[in-house]
Amino acid sequence: MLAIIDYGAGNLNSIQKALTYLGEETEVIAKGDEAKPADYQAVILPGVGAFPEAMQKLKSSKFIKFIDEFVATGKPFLGICLGMQLLFEWGYEVEKTAGLGLLKGEITKMTTKYKIPHMGWNQLQIRKSDSLFKGLPAEPHFYFVHSYQLAELSPDVLAIADYGGQVPAVVKKDNIIGFQFHPEKSGDNGIKLLANFKELLR
């Protein structure tokens with residue numbers, strides 16, 4: 001069973017449909033204090049919107065303790081889009097806001113000569129080999145929608161995209177994983193990536 005966190009800031013339907021297509025049973029959880037980490041093989045934190053509002057919603061829905069306890073089990077925890085950004089220590093959207101602090105780094109507004117938000121298809125440049133990329137093309141395309149990004153290329157960055165500068169696109173440290181793009185909106189490459197994520201549960 002995979003849990004998808006519903007804190008009012010994500011497109012849950014698309015990711016749930018993609019996981020169902022892959023044969024995974026999912027449960028959407030809306031209250032962190034009513035969920036038990038032991039009940040799930042993995043947890044997914046999707047997200048769209050603003051960093052401060054999302055963190056406030058996670059707190060008000062009692063998810064902070066649940067997330068910390070789940071990550072401590074060593075089972076896979078995946079953040080998607082804003083959900084990836086929330087994994088880090090600080091966000092600077094609207095105001096400086098503490099994130100979940102699961103990974104080191106800060107989320108700042110993109111600096112690029114191109115239009116913001118970064119919206120549409122872009123290629124990944126894989127920096128570090130990982131089982132997540134098994135069976136994907138050398139430079140696979142994924143669908144992005146965001147205006148903020150991880151500020152530096154930390155050792156946890158597995159892949160980047162080029163958008164007038166380097167955009168950290170996949171991060172992974174131990175059991176914590178983040179995708180800046182939307183795999184559930186990325187066609188065959190997205191399904192393959194989620195299938196590879198699914199293999200981490202075995």
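Trp-90 has Glu-106 of β7 as its bridge partner, and strand β5 (residues 90-91), joined to strand β7 (residues 106-109) by two bridges, runs parallel to that strand. The model is predicted, so local features need pLDDT of at least 70 and side-chain atom pairs count only at pLDDT 80 or more, while totals for chains, interfaces and linings use all residues. Residues are numbered from 1 along each chain as its sequence is written, and side-chain values use heavy atoms, with hydrogens and water left out.

**Strands and sheets**

- Helices (H or I, at least four residues) and strands (E, at least two) are DSSP runs, numbered from the N terminus, and two strands pair if DSSP finds at least two bridges between them.
- Strand β8 (residues 118-126) pairs with β9 in the antiparallel sense over six bridges, and His-118 has His-146 of β9 as its bridge partner.
- In a regular strand the side chains alternate between the two faces of the sheet.
- In β9 the covered face holds Phe-142, Phe-144 and His-146, whereas the uncovered face holds His-141, Tyr-143 and Val-145.

**Ala-159 in its strand**

- Ala-159 is found in strand β11 (residues 157-162), and it counts as buried because its relative accessibility is 0%; buried means under 20% relative accessible area, exposed over 50%, and partly exposed in between (1.4 Å probe, protein chains only).
- Leaving aside neighbours within four places in sequence, Ala-159 is in contact with residues that include Leu-124, Ile-126, Phe-133 and Val-167, where contact means heavy atoms within 4.5 Å.
- Ala-159 and Thr-112 lie 47 residues apart in sequence, and their C-alpha atoms are 18 Å apart in space.

**Helix α5**

- The 13 residues of helix α5 (residues 187-199) should span 18 Å at 1.5 Å a residue, which agrees with the 19 Å between its end C-alpha atoms; the expected span is 1.5 Å times one less than the number of residues.
- Among the buried residues of α5 are Asn-189, Gly-190, Leu-193 and Phe-197, and what covers the buried residues of this helix includes β1 (2-5), α1 (12-21), β3 (42-45) and β13 (176-179).
- Asn-189 is buried, with a relative accessible area of 19%, and, leaving aside neighbours within four places in sequence, Asn-189 is in contact with Leu-136, Pro-137, Pro-140, His-141 and Phe-142.

**Pocket and cavity**

- On a 1 Å grid over the protein atoms alone, a cavity is a set of points where a 1.4 Å probe fits but cannot get out, and a pocket is an open set with protein on both sides within 12 Å along at least five of seven lines; lining residues have an atom within 4 Å of a point.
- Grid points are joined across faces, edges and corners, and a volume is the space filled by probe spheres set on the points.
- The largest pocket has a volume of about 170 Å³, and of the 14 residues that line it, Gly-49, Cys-81, Val-145, His-146 and Ser-147 are the closest to its centre.
- The elements that give two or more residues to the lining of this pocket are α4 (82-85) and β9 (141-146).
- The search of the whole structure finds one cavity of 30 Å³ or more, and the lining of the largest cavity includes Gly-10, Asn-11, His-182 and Glu-184.
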